[in-house]
Amino acid sequence: MLIWSLRGLAALIAIMTVLPFIPLSHWFVRSFEYPRVQIFVAALAVAVGILVGSKDLSALSTDLILVICLVTCVAYQGYRVFPYTRLSKLQVSKQDGKAQPKDTLRLLVSNVLKDNRDITALRRQIEHNDPDVILLLETDAWWVDQLRFLEEPYPYQLKYPQDGFYGMALYSKLKLTSDSEIRFLVENNIPSIFARIETSHKMNIELYGLHPKPPSPTGNERSIERDAELLIVAKDVRQRTRPTIVTGDMNDVAWSRTTRRFQRISGLLDPRIGRGIYPTFPAHLPLFRFPIDQAFLSEELQLMDLKRLPDIGSDHFPLLIEVAIAPHLANEHRLPEDADSNDFKKAKETVKAAKAQQP
């Protein structure tokens with residue numbers, strides 16, 4: 001009975017590995033881009049189980065085929081996840097002390113969970129880490145009211161509270177320029193934030209805060225709206241002339257087809273490459289966490305710190321990102337692959353299809 005269960009699991013793992021290759025945007029197909037680490041571990045365990053447990057000589061050839069399939073799954077899933085291990089080369093170079101403290105920005109990003117009504121843990125994290133800028137997601141009117149203690153130390157703000165799960169709030173100690181604004185890139189009820197932050201350095205920092213709706217049974221049926229929002233920002237960032245950070249709950253994983261295309265088009269760097277996966281969701285299911293809260297940096301920025309902060313009662317862990325403005329060190333990074341004509345074609349098609357669906 002056990003060996004038959006393992007054979008069934010082997011077939012399921014193979015299907016889960018193959019499904020993301022299908023060029024469909026339905027949530028069921030796209031969802032299998034998320035658990036690559038889990039599929040890697042499961043495929044390895046099942047392959048070992050079949051090799052150890054197979055005693056039926058008549059089925060030996062079938063079991064060997066299954067093991068070969070599983071080893072292929074392990075190799076492919078490992079290939080996708082490998083850049084986010086410490087065995088890979090860093091994409092964003094280490095801060096070497098050449099940047100002065102006045103040239104740094106400390107950013108805290110947190111999906112607070114709208115239904116979470118305990119603000120104590122978040123307040124403790126803010127007080128302990130003393131960020132310059134705070135980006136909060138899923139903030140409704142209750143959260144904005146509870147966050148009034150931030151208004152004095154963080155006088156520059158952009159807020160769009162909502163009763164649903166897509167409110168946003170940005171608090172900054174540093175001045176925001178007048179063109180900082182709430183934007184609606186694809187769906188008219190899904191906000192994003194664009195802020196230009198004045199620093200003591202001659203180069204200001206542009207910050208994009210994102211929280212697109214996920215492809216899921218309770219979100220959008222297809223990933224096309226989420227993908228379009230990320231790709232719109234990628235094309236906007238490609239034209240940038242200032243240091244840039246794109247961050248938020250992107251409802252997509254670092255190694256997905258869309259996020260990789262986002263990187264190629266935007267030219268932004270992923271500080272997790274060579275450092276770790278930094279899984280942030282779901283906070284209360286350790287074996288099934290995914291890195292969907294993300295931060296991407298332009299080459300003018302060096303990473304000083306990247307942390308996943310402790311639980312605040314949300315289903316997401318907060319992230320703390322500290323960067324230094326150091327354009328003279330830009331050539332120390334390992335730049336992502338540049339976009340090709342197919343990337344721009346697919347981006348254009350995705351954005352057009354997403355906007356055609358809007359009322």
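This is a predicted model: local features need pLDDT of at least 70, side-chain atom pairs count only at pLDDT 80 or more; totals for chains, interfaces and linings use all residues.
Let's begin with the cysteines: this structure holds 0 disulfides. Cys69 is in no disulfide, and the nearest cysteine sulfur, that of Cys73, is 6.8 Å away. Seen from the other end, Cys73 is in no disulfide either, with the sulfur of Cys69 as its nearest at 6.8 Å. A disulfide is a covalent bond between the sulfur atoms of two cysteines, and here a pair would count only with its sulfur atoms within 2.5 Å.

Now let's turn to the interior. In soluble globular proteins, nonpolar side chains tend to be buried together. In this model the largest nonpolar core has 28 residues, and the members that touch the most others are Leu170, Ile245, Ile321 and Val323. Which strands each supply at least two residues of this core? They are β1 (104-111), β2 (133-137), β4 (168-172), β6 (192-197), β7 (205-210), β9 (293-297), β10 (301-308) and β11 (319-325). The largest share, 4 residues, comes from β11.

Leaving aside neighbours within four places in sequence, Ile245 is in contact with Leu105, Leu107, Ile205, Glu206, Leu207, Tyr208, Phe296, Leu297, Leu301 and Val323. There is also a second, separate core of 23 residues, and among its members are Val186, Phe194, Leu230 and Ile265.

Next comes helix α5, which spans residues 120-129 and has Ala121, Leu122, Gln125, Ile126 and Asn129 buried. Why do these residues lie on the same side of α5? They lie there because they cover an arc of only 140 degrees around the axis. An α-helix has 3.6 residues a turn, so residues three or four places apart point the same way. On the other side of α5, Arg124, Glu127 and His128 are exposed. The buried residues of α5 are covered by elements that include β1, β2, α6 (141-146) and β11. Just after the helix, Asp130 takes a positive phi of about 50 degrees.

Let's move on to charged side chains. Side chains of opposite charge can pair when their charged atoms come close. The model has 22 salt bridges, with a nitrogen-to-oxygen cut-off of 4 Å. One of them joins Arg117 and Asp140, whose closest N and O atoms are 2.7 Å apart. Arg117 lies in the loop between β1 and α5, and Asp140 in the loop between β2 and α6, so this pair ties together parts that are 23 residues apart in sequence. Arg117 is partly exposed at 40% relative accessibility, while Asp140 is buried at 6%.

Another salt bridge brings together the side chains of Arg196 and Asp179, at 2.3 Å from N to O. This pair links distant parts of the chain, since Arg196 sits in strand β6 and Asp179 in the loop between β4 and β5 (181-183), 17 residues apart. Arg196 counts as buried at 15% relative accessibility, and Asp179 as partly exposed at 31%. Salt bridges with shared partners join Asp179, Arg196, Glu206 and Arg242 into one network. Elsewhere, Asp305 forms a salt bridge with Lys307, with the closest N and O atoms 3.6 Å apart, and Lys307 is partly exposed at 37%.

A charged residue can also be buried without such a partner. Arg36, in helix α3 (residues 36-53), is buried yet has no salt bridge. How far away is the nearest side chain of opposite charge? That side chain is Glu33, and it is 4.7 Å away; a salt bridge needs the atoms to be within 4 Å. Beyond its neighbours within four places in sequence, Arg36 is in contact with Pro20, Tyr76, Gln77, Arg80, Val81 and Trp255.

Our last stop is Asp103, in the loop between α4 (60-81) and β1. Asp103 counts as buried at 10% relative accessibility. Neighbours within four places in sequence aside, Asp103 is in contact with Ser200, His201, Val323, Ala324 and Ile325. You have already met Val323 as one of the residues that touch the most other members of the largest core.

Note on methods: Residues are numbered from 1 along each chain as its sequence is written. Side-chain values use heavy atoms; hydrogens and water are left out. Buried means under 20% relative accessible area, exposed over 50%, partly exposed in between (1.4 Å probe, protein chains only). Lys and Arg count as positive and Asp and Glu as negative; His and the chain ends are not counted. Contact means heavy atoms within 4.5 Å. A nonpolar core is a set of buried Ala, Val, Leu, Ile, Met, Phe, Trp, Tyr and Cys residues joined through side-chain atoms within 4.5 Å. The arc is that of the directions from the helix axis to the C-beta atoms.
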